[in-house]
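Hi everyone, thanks for coming. Let's look at a structure together, beginning with a single residue and then moving on to a helix.

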Amino acid sequence: VQAREIQGRDGMVRAFSWIALQIFEDLFKLSDTLSEIEAVHNPISPDELIDEMLAWKTSALVVVTGDPGVGKSSWINELILALSQADISFDGLVSPKIIESEDRWRHDLIHIGSNEVRKLTTMDWIETDTTMGKFNFYPGTLDWGCEKLNEVETADCVIIDEVGQLEFREKGFFPAIQKLAVTFEGILIVTMRTTLESRLDQFLS
């Protein structure tokens, strides 16, 4: 478990968390307001992250990363529970991995605020314009997720699990993430694979 911190919009560097999280290979693009970055790597737990968040007086971006199968989803679930217990308002999207067999799985997309669920990916053939590796994306689900993110107004914290190659290509959740980067005044927490870590600094710059 590691942590990386990236500066908030007002120029104060507040970056935390390279942790463990995986779902589908994606990266994202933020606005020019997050163009200058400094990073430190530290171990961090959900409770420790919340302690830091409570001390921050500015908006911030938290990036959570990790290899497949190292407990990333469990960490996010613990964070959601800890946020609830700390009376911190939060919203966003999570995309849990659903095991179908030893070598087959899919993903759902869950809106945290309403607990609504949509099918996100499948390894089966479906009629779709969006594919990534072995996965086919259900038509309409990514747009639905963007709509839910665009509706966020008053949350202290927004979680997006996760972002990556689709967003890097200005697809997927990119439009909603770009808007949040410019307008959201709370803590934005996003997850991505460790393999994309080396590309993050260059991309944000």
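N136 is buried, with a relative accessible area of 14%; buried means under 20% relative accessible area, exposed over 50%, and partly exposed in between, with a 1.4 Å probe and protein chains only. This is a predicted model, where local features need pLDDT of at least 70, side-chain atom pairs count only at pLDDT 80 or more, and totals for chains, interfaces and linings use all residues. Residues are numbered from 1 along each chain as its sequence is written, and side-chain values use heavy atoms, leaving out hydrogens and water.

You'll find N136 in strand β9, residues 135–137; strands are DSSP runs of E with at least two residues, helices are runs of H or I with at least four, and both are numbered from the N terminus. What does the side chain of N136 reach? The backbone oxygen of D124, at 2.7 Å.

Now to helix α2, residues 72–85. Its buried residues are K72, W75, I76, L79, I80, A82 and L83. They cover an arc of only 165° around the axis, so they sit on the same side of α2; the arc is that of the directions from the helix axis to the C-beta atoms. On the other side of α2, N77, L81 and Q85 are exposed.

And what covers those buried residues of α2? The cover includes α1, β3, β4, β10 and β11. After α2 comes D87, with a positive phi near 60°.

Finally, the whole protein chain: 6 helices and 11 strands, with 53% of its 205 residues buried.

Methods. A polar contact is a pair of N or O atoms within 3.5 Å; within protein, one must be able to donate a hydrogen and the other to accept it, and residues adjacent in sequence count only if both atoms are side-chain atoms. The expected span of a helix is 1.5 Å times one less than its number of residues. Contact means heavy atoms within 4.5 Å.
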